[in-house]
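Me: Please go through this model with me, one question at a time. I would like each reply to end on the value or name I ask for.

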Amino acid sequence: MEKFQAVLDLHLKHHSALGYGLVTLLTAGGERIFSAVVFQCPCSAAWNLLYGLVFLLVPALALFLLGFVLSARTWRLITGCGCRARASCGSGLRGSLVCAQLSAAAALAPLTWVAVALLGGAFYECAASGSAVLAQRLCRDRDHKCAAELPLVPCHEAKASDVQDLLKDLKAQSQVLGWILIAAVIIILLICTCVSRCLSPVSFLQLKFWKIYLEQEQQILKSKATEHATELAKENVKCFFEGSHPKECNTPSVKEWQQISSLYTFNQKDQYYSMLHKYVNRKEKTHSIRSTEGDTVIPVLGFVDSSGINSTLGL
């Protein structure tokens, strides 16, 4: 029991890092299986380039879009947006910043796919062997039949041995591009993380407290919502079968649900830990939690909108 509790605590403490790690491993494993089982280069001058690029980029695009779909923040941003006031949906710099953060998070899986595919080399070899531009460069000072036989290289069908040896060059180019991509992503990620932490309006320990608060708030909110929904359902079913009038049950209004579901903004004067926290406190003063002067979107506080009462897969 103690071991299980330790594993659970580890998951709650590092669930974000573990989630990204799992996505990376699944993507890398999926790419290797995909390239070994499904991919078959046609070895045709007309098809190699298109076929290789489709296998390299289309799955990456699909994973990128899937990253948006699986993000709770995406649905906070767009759910009911067409019916709400513009302030609720975000606009201008605020909306652009949120979209940029969503795009950066969604790019993890597609970048992993492309990097692993380039390190493997099969997709790039197929695509590059069908490129007329690369053929001119690779076949310089070689046999005049080199350009015609280059598309056959991925299938090991080139008759000239010096042409078939170009497969090593293509694989080397692919792996170098893969390592460059990995290095660039790590450097950019490190820079962005350092900059966002340097611009953090709160200290390291307060940030840890903030995450603990959000975990507890979501657990209590889910428990209370389940209890309230169960009581309401029981009362409605009872009244349906008995033909009686339902007891009064105080349920938040549509406007109240919209206010606590909107994207979080930080204000240095009034530091609230969530939209629910902001709603409860501002309601007493102004009966509204609309954005006021000083409300800004802070990249390092993006985790506030990432948690939800239900998982994104259930939406």
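Reply: The largest cavity holds about 30 Å³ of space. This is a predicted model, in which local features need pLDDT of at least 70 and side-chain atom pairs count only at pLDDT 80 or more, while totals for chains, interfaces and linings use all residues. Residues are numbered from 1 along each chain as its sequence is written, and side-chain values use heavy atoms, with hydrogens and water left out.

Me: Which residues line the largest cavity?

Reply: A cavity is a set of points on a 1 Å grid over the protein atoms alone where a 1.4 Å probe fits but cannot get out, and lining residues have an atom within 4 Å of a point. Grid points are joined across faces, edges and corners, and the volume is the space filled by probe spheres set on the points. The lining divides into four nonpolar, one polar and two charged residues, where Ala, Val, Leu, Ile, Met, Phe, Trp, Tyr, Cys and Pro count as nonpolar, Asp, Glu, Lys and Arg as charged, and the others as polar. The lining residues are Arg73, Tyr264, Val297, Ile298, Leu301, Gly302 and Asp305.

Me: How many helices and strands does the protein chain have?

Reply: Both are DSSP runs numbered from the N terminus, helices being H or I with at least four residues and strands E with at least two. The count for the protein chain is 16 helices and zero strands.

Me: How many residues does the largest nonpolar core have?

Reply: Such a core joins buried Ala, Val, Leu, Ile, Met, Phe, Trp, Tyr and Cys residues through side-chain atoms within 4.5 Å, buried meaning under 20% relative accessible area with a 1.4 Å probe, protein chains only. Phe39, Val114, Phe123, Leu150, Val153, Val163 and Leu166 have the most contacts inside the largest core. Helices 3, 7, 8, 9 and 12 each supply at least two of its residues.

Me: Why is helix 8 described as largely enclosed by the rest of the structure?

Reply: Phe123, Tyr124, Glu125, Cys126, Ala127, Ala128 and Ser129 are buried in helix 8. The helix is largely enclosed because the buried residues number seven of the eight.

Me: Which residues does Glu125 touch, not counting those up to four places away in sequence?

Reply: Glu125 is found in helix 8 and is buried, with a relative accessible area of 10%. Counting contact as heavy atoms within 4.5 Å, Glu125 touches Pro154, Leu167, Leu170 and Lys171.

Definitions and conventions:
Buried < 20%, exposed > 50% of the residue type's maximum accessible area, 1.4 Å probe, protein only. 1 Å grid on protein atoms, 1.4 Å probe; cavity = no way out; pocket = protein on both sides within 12 Å on 5 of 7 lines; lining within 4 Å.
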